[in-house]
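Subject: Handover of a structure and notes on it

Dear colleague,

Please find below the structure I am passing on to you. My notes on it follow directly after.

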Amino acid sequence: MLREKLATCLREAVLEAQQRGSLPSTTPPEVTVEHPQNPEHGDFASGLSLKLARAMKMSPLTIAEKVYEHISLPSEVEKVAIVPPGFINFTLSPDWLRKQVNSILDAGESYGDIDLGKGSRVQLEFVSVNPTGPLHVGHGRGAVLGSTLAAILAAAGYSVEKEYYLNDMGSQINTFGHSLYARYQQCLGREADIPLDGYFGNYMIDLAKEIIQKQGDKFLSLPQEEAISEINKIGLAKIIQRIKEDLKLLNVDFDIWFSEKNLYREEQYQRAMALLQNGGYVAKKENAVWFESSALGEDKDNVLVRSDGTPTYFASDIAYHYNKFLERKFNTVIDIWGADHLGHVPRMKAVIKALGLNPERLKVIICQLVTLRRGEELVKVSKRSGDIISLREVVDEVGPDACRFFFLSRSADSQMDFDIELAKRQSADNPVYYVQYAHARIASILRLAKQREIDYSQGEVSLLTTEPELILIRRLILLPEIIELAATTLQPHHLPYYAQDLATVFHSFYKQCRVISRDEQVSKARLKLVRATQLVLAKVLYLMGMTAPERM
């Protein structure tokens, strides 16, 4: 990538200057090259000289001048400028920029793909909501974040597997069964109490009515525990199916649906516990079994097995990560959890270390809360049910594309406001509409070219000489960098920012440069540029899991 190429040039220039005695010998810091905020300062800039000033006991400006004397410029660069107090700025060659239009067209849909991961196996687990109720908007944010990150990592050369972890056993599942059986009895006219810690949502009534419609009152004649068990199975299956349907509406799918029960059926839980026991990290005290995480730097120890002999959620999670790393042998595991799981991160890192692994192989992204608004009005309950606002309700109202774009528009660690009215607006105020309209406008231009039978395949990109054209090309070639940035930081929000910026630059180009004009050769060159823009914009929309409309 060009940025790394420039960094290498700078590094070599410093070493050359030191060997020739122009600069004192000292270990150079890491060389970074960035895009300057002011376009007048060139396409790339480095503050390397400022970092070297203290160690070399020279002014940054003098160091920059000495580096400049020994630098070998790559063909992509037209000129280098030294700017006070010591920045080294690079401006790309217009000829090289123009040639990138053909490079984009040659690469097609694969443009932007990089080989950062080199096939390294990554498991990405996200959503993983207990199957005890419908998905809400917070779950939707995690779903969109995970599916987009999976697409980004795949484009960056990783082998990615998406997984949903089903917590289909334990106390919450038992409580769900008791709650549903109570609702089932109530719907059939019997008195029944829902457990105090049970599930009271209106969806439970709907679920009970569905069961009655197909099964009638047959469960009333069964012994209570058997009835609860049977109704629990039916209810869980229905909830899981609805979760899958809701995720499909949002263009989210999974490679694996992993059942917690399998950890116990296949004795992975037992093997994980034995490994911790052999490592000296398990102790019995207070009639329970504890993981001695304090020995690994944690503030406190954590219970693995309760005094009644049942494993905790933490114990199951240990077995699950044992399965991920030691049985399925993923190189990296990325978990996307809700804000309420923040305290779970350090103890899981401690577990990974106790299992004999590098804790850095486990990456955890905490997804913060979503607040729904209609303009200035805060939305707290569903209009349909007067209950929780389900993800499906929001998707039905604003559409999957708007949901995905808005969920991605802020970094995961930031709380976000989701303005439903803005998401539905068909104007430039709505960033979703603005970006997709750019793609639709491009499609319209290309349709017109086809109607007029203009074959632009042999267009001469050397004719792209105006400032709006070159600015647009400069934005197009950023895509590989954006993919690398999002993949290395695990922050997909860089995509919607880039999409909006690219759309803005394209709309500006469109206003200033007539694409199809009386000048046939310029028209062909500009049609090439427009087609390259379509490819890049469509790629970004694809990575975000959104559609690239041909008409709007």
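What is the order of the strands in the open sheet of five strands? The order is 6-5-4-10-11, and the pairing is parallel. Please bear in mind throughout that this is a predicted model.

The sheet

At the edges of this sheet stand strand 6 (256-259) and strand 11 (362-367), each of which pairs on one side only. Neighbouring strands are turned against each other by 25° on average, direction ignored. Strand 4 (residues 121-125) and strand 10 (residues 332-338) run parallel and are joined by four bridges. Glu-125 has Asp-335 of strand 10 opposite to it.

Helix 11 lies across strand 4, strand 5 (159-166), strand 6, strand 10 and strand 11, and runs at about 150° to strand 10. Helix 12 (residues 344-354) lies across strand 10 and strand 11, at about 170° to strand 11.

Leaving out residues up to four places away in sequence, His-321 touches Val-333, Asp-335, Trp-337, Met-348, Ile-352 and Leu-362. Asn-323 counts as buried because its relative accessibility is 5%.

Helix 6

Helix 6 (residues 171-187) has 17 residues, which at 1.5 Å a residue should span 24 Å; its end C-alpha atoms are 24 Å apart, so the two values agree. Its buried residues include Ile-173, Phe-176, Leu-180 and Tyr-184. Helix 7 (202-215) and helix 8 (224-249) are among the elements that cover the buried residues of helix 6. Just after this helix, Gly-189 takes a positive phi of about 85°.

Pro-36 is placed in the loop between helix 1 (2-19) and strand 1 (44-46). Apart from its neighbours within four places in sequence, Pro-36 is in contact with His-41, Gly-42, Asp-43, Phe-44 and Ala-45. The C-alpha atoms of Pro-36 and Phe-90 are separated by 9.8 Å, although these residues are 54 residues apart along the chain.

With kind regards

Notes:
Residues numbered from 1 in each chain as written. Predicted model: local features only at pLDDT ≥ 70, side-chain atom pairs only at ≥ 80, totals over all residues. Heavy atoms only, no water. Helix = DSSP H or I, 4+ residues; strand = E, 2+ residues; numbered from the N terminus. Expected span 1.5 Å × (residues − 1). Buried < 20%, exposed > 50% of the residue type's maximum accessible area, 1.4 Å probe, protein only. Contact = heavy atoms within 4.5 Å. Pairing = 2+ DSSP bridges. Axes fitted to C-alpha atoms, helices over the stretch in contact; angles between N-to-C directions.
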